[in-house]
Amino acid sequence: MTSPITIVGAGLAAYNLARELRKLSPDAALRIICADDGAFYSKPMLSTGLAGNKTAAQLAMKSADKMAEELRAEIVSHTTVTQIDPAARTIDTPAGQFHYGDLVLALGADPVRLPLSGEAAEQVISVNDLQDYAHYRERLAGKQRVVLLGAGLIGCEFANDLLTSGHQVTVVDLAAWPLSRLLPEAAGRWMQTKLQAAGADFRLGRRVQSVDGQDGDYRLTLDDGTVIEADLVVSAVGLAPRTQLARAAGLVVERGIVVDRYLRSSDPHIYALGDCAQVAGWLLPFVQPIMQSARALAATLAGQAAMVTYPAMPVLVKTPASPLVVSPPPPGAVGEWLIEEQEGGLRARYLVGEVCTGFVLLGAATAERAQMAAQLPAWLA
């Protein structure tokens, strides 16, 4: 009997791959192994669920049993893979050993933990999955003052969600303006002004040194000696790809699990996609690159080898107080931002010579999303 295609993980990348594979290979043996309960949900909804008063159970769209039925797959939930043996094509778990034909690592990423001191440093929470979201909602009940560590994309989305829900929000970041890795300064300042008008308090150019106190009564000390009081502290400073399993199996790992444009790792029968994968040298933790990768890998696993292609991929940032669409220039592009303010909005174009390779649209300018995206060259053709 042929060993099944085995996917480790049950997030957006894993389930979209399984769906695409089923379109091309209806009868292929398919197994999904995951550490959680295997419920399907949209991870981007975690940073907007509060304003819609959504519980974790309401964000879960389908159970593992329902997904197993739809995908005609075996789903092994609440099971952690502890070891991969590439030579034997086996994986070890507490539930036993499983053989695979091809293995796909869709492991995701872990929240980065800041090196904080203080008696309450371990009580700082992050929201990276449905279980985290349930814990966040539980901890937030009855609380008013929330400090967010990180003014990046996720931090700003959480700030907007909390503000819409009537909370008092302070955002702390070492960068000089919000979303500093994606936006030029003028665009970041524009966004900051809108979020401040909605009630956000930004402490930029500052780092939290320590967190003291207890639940509902925290004291955060910044590097300039300022003390902020909070009922809850949430960290949103970024994610680190989960690479430990791949590294222990002898696969090539850099910032992520290194894969080629077929999503193949250094082992010919092991693939990776999603937040854990470093594709053509890039880490792209956004929905559209995941969808592109899932379609290409499904074709390859079905015997129709296909390289992944990346068109220009605008990201819609979920901050209604300051609507934002950003299509970053390709990594390594050398150019400059051209800023153009307009009535109720701001447009920024990243020019390499006379070629626009990326853009930022804020406020009313977001209406130009489709028009601007059509002008951009593909990242990987």
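**Entry 1: overall build**

I counted 9 helices and 24 strands in the protein, where helices (H or I, at least four residues) and strands (E, at least two) are DSSP runs numbered from the N terminus. The radius of gyration is 22 Å, close to the 21 Å that the globule rule gives for 381 residues, so the protein is as compact as a globular protein of that length. That radius is taken over C-alpha atoms, and the rule is 2.2 Å times the number of residues to the power 0.38.

I noted that this is a predicted model, in which local features need pLDDT of at least 70 and side-chain atom pairs count only at pLDDT 80 or more, while totals for chains, interfaces and linings use all residues. Residues are numbered from 1 along each chain as its sequence is written, and side-chain values use heavy atoms, with hydrogens and water left out.

I found that the C-alpha trace spans about 65 × 55 × 35 Å along its principal axes. Buried residues make up 52% of the 381 residues; buried means under 20% relative accessible area, exposed over 50%, and partly exposed in between (1.4 Å probe, protein chains only).

**Entry 2: helix 1 and helix 3**

I looked up how helix 1 (residues 12-24) meets helix 3 (residues 64-71): their axes come within 10 Å and cross at roughly 25°. Axes are lines fitted to C-alpha atoms, for helices over the stretch in contact, and angles run from 0 to 180 degrees between N-to-C directions. The two helices are therefore roughly parallel to each other, a term for angles under 35 degrees. Tyr-15, Ala-18, Arg-19 and Arg-22 of helix 1 make the contact with Met-67, Glu-70 and Leu-71 of helix 3; contact means heavy atoms within 4.5 Å.

**Entry 3: helix 4**

I listed the buried residues of helix 4 (residues 130-140) as Leu-130, Tyr-133, Tyr-136, Arg-139 and Leu-140. They pack against helix 2 (56-59), strand 9 (145-149), helix 5 (153-164), strand 13 (217-222) and strand 15 (232-235). At the start of helix 4, I saw a side-chain oxygen of Asp-129 within 3.2 Å of the backbone nitrogen of Gln-131. Just after helix 4, Gly-142 has a positive phi of about 80°.

**Entry 4: Ala-302**

I located Ala-302 in the loop between helix 8 (287-301) and strand 20 (315-317). Ala-302 counts as partly exposed, at 24% relative accessibility. Not counting residues up to four places away in sequence, Ala-302 touches Leu-21, Leu-24 and Ser-25.

Note on methods. Parallel < 35°, antiparallel > 145°, perpendicular 65-115°, else oblique. Polar contact = N/O pair within 3.5 Å; in protein donor to acceptor, adjacent residues only side chain to side chain.
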